[in-house]
Amino acid sequence: MPYRNGECRPHRVIVFAFDGVRLMDVAAPLEVFATASGDSGAYTVEVCTPDGRAVTTSTGLRISADVPYADVDHVDTLVVPGPADLGTIEACPGLVEQVRLLAARARRVAAVCTGAFVLGAAGLLRGRRATTHWEHAADLARRHPDTSVTPDAIYVQDGPILTSAGVTAGIDVCLALVEQDQGPDAARTVARDLVVFLQRPGGQSQFSVASRTSASGHPVLRPLLDAIAADPAGDHSPRVLAKNAGVSPRHLSRLFREQADTTPAAYVETMRLEAARIMLERGVSVTAAARRSGLGSDETLRRVFARHLRTTPSAYAARFRTTGTAHAGL
């Protein structure tokens, strides 16, 4: 337990909220730390806003403030949620500077989802590793080239700075903080209470949806990409693709690098993986998904899932397909 002025005191968690913030980004840390505090009072959890007034979340729900930014003199853990619209960061005067000053008073700082963009704008990610929602990871890397962005991580800790993936990953990163403070048993108890994984299997890529349409309009490449998407299990070897396109295999490889930033074989594997994912989500068996997607065998499908998604086909299917209601008619 931290100490202040020689006396034991609760660990102070400040969740900084602002107009346009995502509701779940605020609620998840509040739930984790309030649950971890329990009867022990290990944490005090407060919502801080720029001026001490209630803020309106992206859902339209208003959140009351416990404390205005100017009255926060010390912070043990600062949590910075993200906005639903990244334009909110520029539209809120003083937001970035307030976070920068709050962070200077904090022992550690955690961002949820697009909150990483606020930390980046405040200079807190310079020279560090970070992550954010998979959909915005490339944008974060582009805006902050001095930050090493890990797009597939659920959360990343680099020194006292933590960043996390989209929305519910705020639970994951806060559970990690509880584990650091109080040990794995306490974090496990919180996870059980919230009915979530203590350590979620896999990475963000299992949640992202690859484009079903061709990204390139190149007159030679586009028909090939459409054909692969239409029939992933077909014969799409580089030799056959080159023959169908009327070009040499070497020229085909060059086109794939220039237009799709990949190789023909890697692109085909990605589309077959996407097809298998969709089938598993719809309740198709692992064996049938492997065969019908063109990946062939259960073992090949397992290797591809492990390489791209860091999970197994069976685990993926269990988490993502719609659960049948066996007794719905009773």
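**Reading the fold**

Tutor: Take helices α11 and α13: they are roughly perpendicular to each other. Angles under 35 degrees count as roughly parallel, over 145 as roughly antiparallel, 65 to 115 as roughly perpendicular and the rest as oblique. This is a predicted model: local features need pLDDT of at least 70, side-chain atom pairs count only at pLDDT 80 or more, and totals for chains, interfaces and linings use all residues. Residues are numbered from 1 along each chain as its sequence is written, and side-chain values use heavy atoms, with hydrogens and water left out.

Student: At what angle do α11 and α13 pack?

Tutor: About 100°, with their axes 11 Å apart. Axes are lines fitted to C-alpha atoms, for helices over the stretch in contact, and angles run from 0 to 180 degrees between N-to-C directions. α11 covers residues 264-281 and α13 covers residues 298-309.

Student: Which residues of α11 meet α13?

Tutor: Contact means heavy atoms within 4.5 Å. Glu269, Thr270, Leu273, Ala276, Arg277 and Leu280 in α11 meet α13. On the α13 side, the partners are Leu301, Val304, Phe305, Arg307, His308 and Leu309. An α-helix has 3.6 residues a turn, so residues three or four places apart point the same way.

Student: How do α8 and α10 pack?

Tutor: At about 85°, with axes 11 Å apart. That makes α8 roughly perpendicular to α10. Leu221, Leu224 and Leu225 are the α8 residues in this packing. They meet Leu252, Leu255, Phe256 and Gln259 in α10.

Student: Which residues of helix α9 are buried?

Tutor: Buried means under 20% relative accessible area, exposed over 50%, partly exposed in between (1.4 Å probe, protein chains only). In α9 (residues 238-245), Val240, Leu241 and Ala242 are buried. Their cover includes α8 (221-230), α10 (249-260) and α11. Just after α9, Gly246 takes a positive phi of about 75°. Over the whole chain of 330 residues, 46% count as buried.

Student: How many helices and strands does the chain have?

Tutor: There are 14 helices and 13 strands. Helices (H or I, at least four residues) and strands (E, at least two) are DSSP runs, numbered from the N terminus.

Student: In what order do the 7 strands of the open sheet run?

Tutor: Two strands pair if DSSP finds at least two bridges between them. The order here is β7-β4-β3-β8-β9-β13-β12, with mixed pairing. β7 (67-68) and β12 (155-158) are the edge strands, each pairing on one side only.

Student: Now β9, please.

Tutor: β9 (residues 106-111) runs parallel to β8 (residues 75-80), and 5 bridges join them. Val79 has Ala110 as its bridge partner; Val80 has Ala111. β9 also pairs with β13 (residues 161-164), in the parallel sense over 3 bridges. There, Ala111 stands opposite Thr163. β9 is mostly covered, with 5 of its 6 residues buried.

Student: Which strands does helix α3 lie across?

Tutor: α3 (residues 95-104) lies across β3, β4, β8 and β9, at about 150° to β8. Helix α1 (residues 23-37) lies across β3 (11-16), β4 (43-49) and β8, at about 160° to β4.

Student: How many disulfides does a search of the whole structure find?

Tutor: A disulfide is a covalent bond between the sulfur atoms of two cysteines. The search counts a pair of cysteine sulfur atoms within 2.5 Å, and finds 0 disulfides. Cys48 is buried, at a relative accessible area of 0%. Cys92 is partly exposed, at 21%. Cys92 is found in the loop between α2 (87-91) and α3. Its C-alpha atom is 9.7 Å from that of Pro50, 42 residues apart along the chain.

Student: Where does the pLDDT stay under 50?

Tutor: pLDDT is the predictor's confidence in each residue, from 0 to 100. The chain averages 87, and 88% of the residues score at least 70. Over residues 1-7 the pLDDT is below 50, and this stretch has 14 contacts beyond near neighbours in sequence. Residues 209-214 also stay under 50, with 11 contacts beyond four places in sequence. Where pLDDT is low, the predicted coordinates should not be read in detail.
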